Amino acid sequence: MTDTPHTTHLYLISPQDVGGSFPDRLERALDAGEVAAFQFRVKGLDQHDEAQLAAPLQEICAARDCAFIVNDSIALAKRLGADGVHLGQSDGSPQEAREALGREAQIGVTCHASKHLALEAGEAGADYVAFGSFFPSETKASEHRPDLELLAWWQAVVEIPCVAIGGITPENCGPLVTAGADFLAVSHAVWGGDEAEAVRAFHRAITAAAPEG
């Protein structure tokens, strides 16, 4: 059995405003380099409005083999036929999501800085767990500050992929890659400037930090 080199992938999270020219920005970001998943994360709208905003973004992702993940709402993910759903600790269980969305759906769970929550999520059928916030975030305040040891421990002990989230930039992501993050979830670092250049910068940083296989 050969040991394949560990690869870290990009996981984009949408800004709150995904109307206007945002579909063009998403196309530019996805065309600039490989992105494994895009999370639709829009708060405070009714489901009909969310579904209308999501439709063109979902098409863009499908055309580029990028998983389209809905944040928080199992119902919206089902309505859209999304590739999966990302659940906070109060958004329902992986079992509920699996029953609603089917066995092919990608189900992720926010686990903050907790090994216990992450192991529970894995046992409940989650496809990946998310740890964070590793750095102060422009997008979402969090009092949880996991350390790099958590990523290294998870990578060594558990087969389910882990996502690092929170204030991650091309400049600070290297240690997360080296520690074993399977995905880097990023939002402001991409949408706060030139999205295509940011994606390219992340790919350069990931390549530079990747452990030797």
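A crossing of two helices is called left-handed if the near helix is turned anticlockwise from the far one by less than a right angle, and right-handed if clockwise. Keep that in mind for the first exercise, and remember that this model is predicted.

**Exercise 1. Describe how helix H5 packs against helix H6.**

Step 1: find the helices. H5 covers residues 115–123 and H6 covers residues 148–157.

Step 2: look at the axes. They come within 12 Å and cross at roughly 30°.

Step 3: name the arrangement. Angles under 35 degrees count as roughly parallel, so H5 is roughly parallel to H6.

Step 4: assign the hand. H5 and H6 cross in the right-handed sense.

Step 5: pick out the contact residues. H5 contributes Lys115, Ala118 and Leu119, while H6 contributes Glu149, Leu150, Trp153 and Trp154.

Step 6: sort them by class. The contact of H5 with H6 has 5 nonpolar and 2 charged residues, with no polar ones.

**Exercise 2. Work out what lines the largest pocket.**

Step 1: start with the space. The largest pocket holds about 590 Å³.

Step 2: go to the centre. Of the 35 lining residues, Ile13, Ser137, Lys140, Ile165 and Gly166 lie nearest to the centre of the pocket.

Step 3: trace the lining to its elements. Two or more residues each come from strands E1 (9–13), E6 (128–132), E7 (162–165) and E8 (183–186), and from helix H8 (188–191). The largest share, 3 residues, belongs to E6.

Step 4: The lining of the largest pocket divides into 18 polar, 11 nonpolar and 6 charged residues.

Note on methods
Residues numbered from 1 in each chain as written. Predicted model: local features only at pLDDT ≥ 70, side-chain atom pairs only at ≥ 80, totals over all residues. Heavy atoms only, no water. 1 Å grid on protein atoms, 1.4 Å probe; cavity = no way out; pocket = protein on both sides within 12 Å on 5 of 7 lines; lining within 4 Å. Points joined across faces, edges and corners; volume = space filled by probe spheres on them. Helix = DSSP H or I, 4+ residues; strand = E, 2+ residues; numbered from the N terminus. Nonpolar A, V, L, I, M, F, W, Y, C, P; charged D, E, K, R; others polar. Axes fitted to C-alpha atoms, helices over the stretch in contact; angles between N-to-C directions. Parallel < 35°, antiparallel > 145°, perpendicular 65-115°, else oblique. Contact = heavy atoms within 4.5 Å.
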